Amino acid sequence: MNSITFIKRLRNLCLLLQLFYGSTSFGLFDGQFLVGRSWYSTDDDGGTAHSTYGIAGHVDPIPLLPISFGVMITSSDLLDREKTEGVDVDPIFNLGLDVMGWIPFVPVVTPYGRLTLLVHGKSGTKADGIEVEMDLSEGHLLSFGAKYPLLPLIEIFAEVGRGVTMLKLTKCTNNGSDCLDLLGGGGKSALKQDRFVIGVQAGI
């Protein structure tokens with residue numbers, strides 16, 4: 001092997017290593033932190049915007065297969081304190097199973113999709129002696145976005161998503177008296193969600 005051939009092969013190897021280890025897309029584990037806005041609406045209203053925060057973690061069980069599995073925890077603050085004085089509203093808390101798939105070897109950015117299946121969720125409100133608790137443990141969110149490598153094994157990303165959460169009233173009391181039947185008797189209703197978030201991902 002002459003020196004020119006050796007240098008070419010070494011260069012190709014370095015480029016390959018840079019591709020694999022410079023992106024969290026080929027990591028075994030990853031962690032994410034995200035922040036953004038969520039818009040919740042029902043069939044008869046236009047929706048309201050709320051701050052959203054979340055963390056997620058994934059494992060890629062099959063090397064080089066662009067699919068990872070994990071969990072995501074999000075919290076959306078429903079309380080606008082300037083307009084809801086005297087009302088105590090718990091944030092919407094959600095725990096979901098998270099599946100991500102991406103397209104590798106795309107220049108500059110890595111496109112990806114995310115499917116989140118809700119397995120636990122709750123919220124509640126208190127005002128003027130009325131206390132309401134809600135269960136939001138059913139639903140899904142489908143998102144699409146792109147990741148950009150900021151540093152080795154660290155990426156930033158942006159994504160948009162749309163989904164539906166089933167809202168069920170589990171408790172309603174008015175000064176200690178049960179009033180659940182007056183609000184539908186615990187029936188379910190669809191709560192639509194649109195979301196835009198940005199975040200950072202680190203992997204190993």
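How many cavities of 30 Å³ or more does the structure hold? In this predicted model, there are 2. Four strands each contribute at least two lining residues: E3 (67-77), E5 (92-102), E6 (110-127) and E10 (188-203). By class, the lining of this cavity divides into 7 polar, 5 nonpolar and 1 charged residues.

Nonpolar packing was examined next. In soluble globular proteins, nonpolar side chains tend to be buried together. The largest nonpolar core has 10 residues. Its members are Tyr40, Ile92, Val132, Met134, Leu136, Leu167, Leu169, Cys172, Cys179 and Leu191. Strand E7 (130-151) and strand E8 (154-174) are the elements that give two or more residues to this core.

Valine 108 presents another setting. This residue sits in the loop between E5 and E6. Is valine 108 buried or exposed? Valine 108 counts as exposed because its relative accessibility is 61%, and the cut-off for that class is over 50%. Beyond its neighbours within four places in sequence, valine 108 is in contact with Lys147, Tyr148 and Pro149. Lysine 147 lies 39 residues away along the chain, yet its C-alpha atom is separated from that of valine 108 by 8.8 Å.

Terms used: Residues are numbered from 1 along each chain as its sequence is written. This is a predicted model: local features need pLDDT of at least 70, side-chain atom pairs count only at pLDDT 80 or more; totals for chains, interfaces and linings use all residues. Side-chain values use heavy atoms; hydrogens and water are left out. On a 1 Å grid over the protein atoms alone, a cavity is a set of points where a 1.4 Å probe fits but cannot get out, and a pocket is an open set with protein on both sides within 12 Å along at least five of seven lines; lining residues have an atom within 4 Å of a point. Grid points are joined across faces, edges and corners, and a volume is the space filled by probe spheres set on the points. Ala, Val, Leu, Ile, Met, Phe, Trp, Tyr, Cys and Pro count as nonpolar, Asp, Glu, Lys and Arg as charged, and the others, Gly among them, as polar. Buried means under 20% relative accessible area, exposed over 50%, partly exposed in between (1.4 Å probe, protein chains only). Contact means heavy atoms within 4.5 Å. A nonpolar core is a set of buried Ala, Val, Leu, Ile, Met, Phe, Trp, Tyr and Cys residues joined through side-chain atoms within 4.5 Å.
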